[in-house]
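I opened my notebook to get to know a new structure, one place at a time. Here is what I looked up, in the order that made sense to me.

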Amino acid sequence: MAMPTVWSDLFASAAKMKGTHLRTLMQDQARNDKMFVKSSGMVMDYCREKVDADTMAKLFALAEKADVNGKKKAMYSGEIINPTEGRPVLHVALRAKRDAVINVAGKNVVPEVWKVLDDMKAFSEKVRSGAFKGHTGKTLTDVVCIGIGGSYLGVDFVFEALKTDPEAAEAAKGRRLRFLANVDPIDTKRCLEGLNAETTLVVIVSKTFTTAETMLNAKTVKEWLIKELGTADCISKHVAACSTEIGRASCRERV
């Protein structure tokens, strides 16, 4: 079967770029100045990619041919675009404004998203203010976040980004946040080193609450809490779960 023209044109441009040194491209200031995208206070600079105006034009032509805009509209409107799972892709609903409308099967899912976000904020503020305390009545100042893959990387990236934000840095004084993703026992030991169980909150992040690595780490840290605090009754005051499987996450025997 013949390759569509948009693809063959793009491959030809790629071959040309492969033979062009990045230093040569960077000498063209007019090219560099066109390779900035600004939105919502953020800047994306892609002038150090091996592309030129011709390559970008071919990429946009391919996007138009593939109906990327149409697929984007389908995602924003709640259509089922995940064929393997037979459901919509609602990442956009998680970032939607409170008054936005994204209908799925005739129901606007945005209010439900905001209810969960409001609940998360309320719980977080209770922990920060000391209204929600640990088993022995002490304020929770340290957090161990357990997850893997997408349930770990995004949170860690935001944490790293906020380290350089003055307001966030000021709010974080006297608190520690650690991540546990690897099942290596040495990583677990390093993660818990220097922490006081009485002032530690463990957050388990797992969409299905069946991820093997996350469940193993959660079980290990749960055992650490019980050993340090002397009772299994401490779990409700020191462990929180982020999951779509409320039943599994609520069952103590799961971890």
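Predicted model: local features only at pLDDT ≥ 70, side-chain atom pairs only at ≥ 80, totals over all residues.

Is Ser250 buried or exposed? I found a relative accessible area of 56% for Ser250, so this residue is exposed. I then looked at its distance to Ser236, which is 14 residues away along the chain. The C-alpha atoms of Ser250 and Ser236 are 9.7 Å apart.

Next I stepped back to Thr244, in the loop between β8 (239-242) and α13. Thr244 has a relative accessible area of 57% and is exposed. What does Thr244 touch, leaving aside neighbours within four places in sequence? I noted Ser206 and Lys207. Thr244 and Lys207 are 37 residues apart in sequence, yet their C-alpha atoms are 5.3 Å apart in space.

**Entry: two helices side by side**

I moved on to helix α1 (residues 5-18) and helix α4 (residues 53-65). For a pair like this I wanted two values, because two packed helices are described by the angle between their axes and the distance between the axes. For α1 and α4 the angle is about 155° and the axes are 9 Å apart. An angle over 145 degrees counts as roughly antiparallel, so I wrote down α1 and α4 as roughly antiparallel to each other. Their crossing is left-handed.

Which residues make the contact? From α1 I listed Val6, Trp7, Asp9, Leu10, Ser13 and Met17. From α4 I listed Asp54, Thr55, Lys58, Leu59, Ala61, Leu62 and Lys65. I sorted the residues of this contact by kind and got 7 nonpolar, 2 polar and 4 charged.

Not counting residues up to four places away in sequence, Ser13 touches Asp54, Thr55 and Lys58. Thr55, in helix α4, has a relative accessibility of 6% and so counts as buried too. With neighbours within four places in sequence left aside, Thr55 is in contact with Leu10, Ser13 and Met17. I was pleased to find Ser13 in the list for Thr55 and Thr55 in the list for Ser13.

I checked backbone angles next.

Ser40 has a phi near 50°, a positive value in a residue other than glycine. Ser40 lies in the loop between β1 (36-39) and β2 (42-45). With a relative accessible area of 71%, Ser40 is exposed.

Asp67 has a phi near 55°, again positive in a residue other than glycine. Where is Asp67? I found this residue in the loop between α4 and α5 (68-76). At 42% relative accessibility, Asp67 counts as partly exposed.

**Entry: the nonpolar cores**

How many residues are in the largest nonpolar core? I wrote down 18, of which Val144, Val202, Val221, Trp224 and Leu225 touch the most other members. The elements that each supply at least two residues are β5 (142-146), α10 (185-192), β7 (200-205) and α11 (212-229). Helix α11 gives the most, with 6 residues.

Leaving out residues up to four places away in sequence, Val144 touches Arg178, Cys191, Leu192, Leu195, Thr200, Leu201, Val202 and Val203. There is also a second, separate core of 8 residues, which includes Phe132, Leu201, Val203 and Val205.

**Entry: a last stop at Lys133**

I ended with Lys133, in the loop between α7 (110-129) and β5. Lys133 has a relative accessibility of 33% and so counts as partly exposed. Not counting residues up to four places away in sequence, Lys133 touches Lys138, Thr139, Leu140 and Lys237. I also looked up Lys133 and Thr199, which are 66 residues apart in sequence and 8.2 Å apart in space, C-alpha to C-alpha.

Definitions and conventions
Residues numbered from 1 in each chain as written. Heavy atoms only, no water. Axes fitted to C-alpha atoms, helices over the stretch in contact; angles between N-to-C directions. Helix = DSSP H or I, 4+ residues; strand = E, 2+ residues; numbered from the N terminus. Parallel < 35°, antiparallel > 145°, perpendicular 65-115°, else oblique. Left-handed = near helix turned anticlockwise from the far one by under 90°. Contact = heavy atoms within 4.5 Å. Nonpolar A, V, L, I, M, F, W, Y, C, P; charged D, E, K, R; others polar. Core = buried A, V, L, I, M, F, W, Y, C linked by side-chain atoms within 4.5 Å. Buried < 20%, exposed > 50% of the residue type's maximum accessible area, 1.4 Å probe, protein only.
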